[in-house]
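Work through these exercises with the model open beside you. Each task is followed by a solution in steps.

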Amino acid sequence: MTTATGPLGSTTGSTVRSAVARVADALADPALLIRHAGERQAAVSLEGSAGAALFLAELAGREPDRLPAAHAQLAVAARALAGTATAGLYHGPASVLAAAQACARRGGHYPRLRHQLTEHVAGEQLARIASVPSGAGVSWSAYDVIGGATGTGRLLLGAVAEGDPTERAAAEPALRATLAHLTALSRPVTVDGHRVPGWWVPGRLQPTAADREAFPRGDFNVGLAHGVAGPLALLVLAAEAGVTVDGQLAAVHRIGRWLADRADHDTAGPYWEPRLPFDDELVRGGGGVTAPSGYAAAASGGAWCYGAVGIANALVRAARLTGEADWLRLGLDSARALLRRPGTDHHLKGPTVCHGRAGFLQSLWRLGRLTGDQELLDRTVPLARRLAALADGGAPFGFRHLAPARPDLGWDRSQPLRAEDNGGLLEGAAGVAAALLSVLPDAPGEGPYWDRVLLLS
């Protein structure tokens, strides 16, 4: 059995298929998600029915008999929408739009639902951008993938690039406003007499008390989920689709150059500190070098959300657009370094996407597909084997998510982890199964589709 990755032994292939089927069977019943997460939370979230529908729609490209289950989950999500607001891509109407776009590709089409959701999400996006205060300093919601403008911007790009005329008309003004907004954030601002990148998050706008304590003068987030690599990916993806605004290519160059200049190196190769404190950026921006904090290895390793493999996807895509060969080499070298670096596996938090093995697998596989790098593709096969082996026969959805026992302390502190039963996409079994699909043969078309919500495609 040969895949787009490399040879997949019959035993591994069977194990992976069995794990995917186990998750899909569990998610065929929308009531199971509701029992574990509560009706509203389970429905209008990528961690609930919307995420389950997105995965099942992906699987239906290979197994059409899974499509009714995807429709059922989407119906639950749509019915629960009343009174909800979008919290980025993760929760609310945007998460249901992500599922509706995926299901529409497989059948059903849902024109009325897509039209309503696209118009609603576009309106919310315009209001979000208009509410960003003028002057230096922004919050994560101004630009990040999970809870901010970049994630919803990716949905708007899908509506413009692949939607019908009604969707395109509703989405395009908001998409262009998003691209202009991210372009503006790429320009330097003056803070305490220093010129720093415009995506600076000051101490007062840090998302948690622990972050405010760790970054009293603010920070510059590097990762794909909550950092500037996410906006870079969207700016490039939009340009690839032929949607551009004034200054967009210059913004790609600014962000790409900044990421390349902020790479650190150890004996294994290049990596990035996930978050640079304000004073560290002043030193680096002036040509100096700061001592690595060790935060990169301890907090993120190879994780999609903050790790080098997610950043590398954005940087390599930018290299393909701009012709910056050094960025391409840096991105690939950082991914290979993760495969060499001791402890990469240890720092992945369980099987799921955001901080765990599924996100590492999908990011590495997507990078290999993007570049045609066979070494990376071949390495995804043993990663998939180890991931499938984490299936838990006692878990209601087939895999369990590992979460911090103290969420307020974040992932960067040494603390126990607790197992959670979650069927969702980012921190649940649906995302694990979706990532495992990548290594199986006979993927339909140019799939997969689902990792667009990770800004990987």
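Buried means under 20% relative accessible area, exposed over 50%, and partly exposed in between, with a 1.4 Å probe and protein chains only. The model is predicted: local features need pLDDT of at least 70, side-chain atom pairs count only at pLDDT 80 or more, and totals for chains, interfaces and linings use all residues. Residues are numbered from 1 along each chain as its sequence is written, and side-chain values use heavy atoms, with hydrogens and water left out.

**Exercise 1. Classify the aromatic pair of Trp-199 and Trp-258.**

Step 1. Rings of Phe, Tyr and Trp (its six-membered ring) pair if their centres lie within 6.5 Å; planes under 30 degrees apart count as stacked, over 60 as edge-to-face and the rest as tilted. The count by this rule is three aromatic pairs.

Step 2. Apply it. The centres of Trp-199 and Trp-258 are 5.0 Å apart, with 90° between the planes, and the pair is edge-to-face.

Step 3. Helices (H or I, at least four residues) and strands (E, at least two) are DSSP runs, numbered from the N terminus. Trp-199 sits in the loop between strand 2 (194-196) and helix 10 (209-214), and Trp-258 in helix 12 (residues 248-261), so the pair ties together parts that are 59 residues apart in sequence.

Step 4. Check burial. Both Trp-199 and Trp-258 are buried.

**Exercise 2. Describe the surroundings of Arg-452.**

Step 1. Arg-452 lies in the segment after helix 19 (429-437).

Step 2. Its relative accessibility is 17%, so Arg-452 counts as buried.

Step 3. List contacts (heavy atoms within 4.5 Å). Leaving out residues up to four places away in sequence, Arg-452 touches Arg-105, Arg-154, Glu-162 and Ser-457.

**Exercise 3. Which residues does Leu-157 touch, not counting residues up to four places away in sequence?**

Step 1. Leu-157 belongs to helix 8 (residues 149-162). Leu-157 is buried, with a relative accessible area of 3%.

Step 2. The residues touched by Leu-157 are Leu-175, Leu-234, Leu-237, Ala-238, Ala-241 and Val-243.
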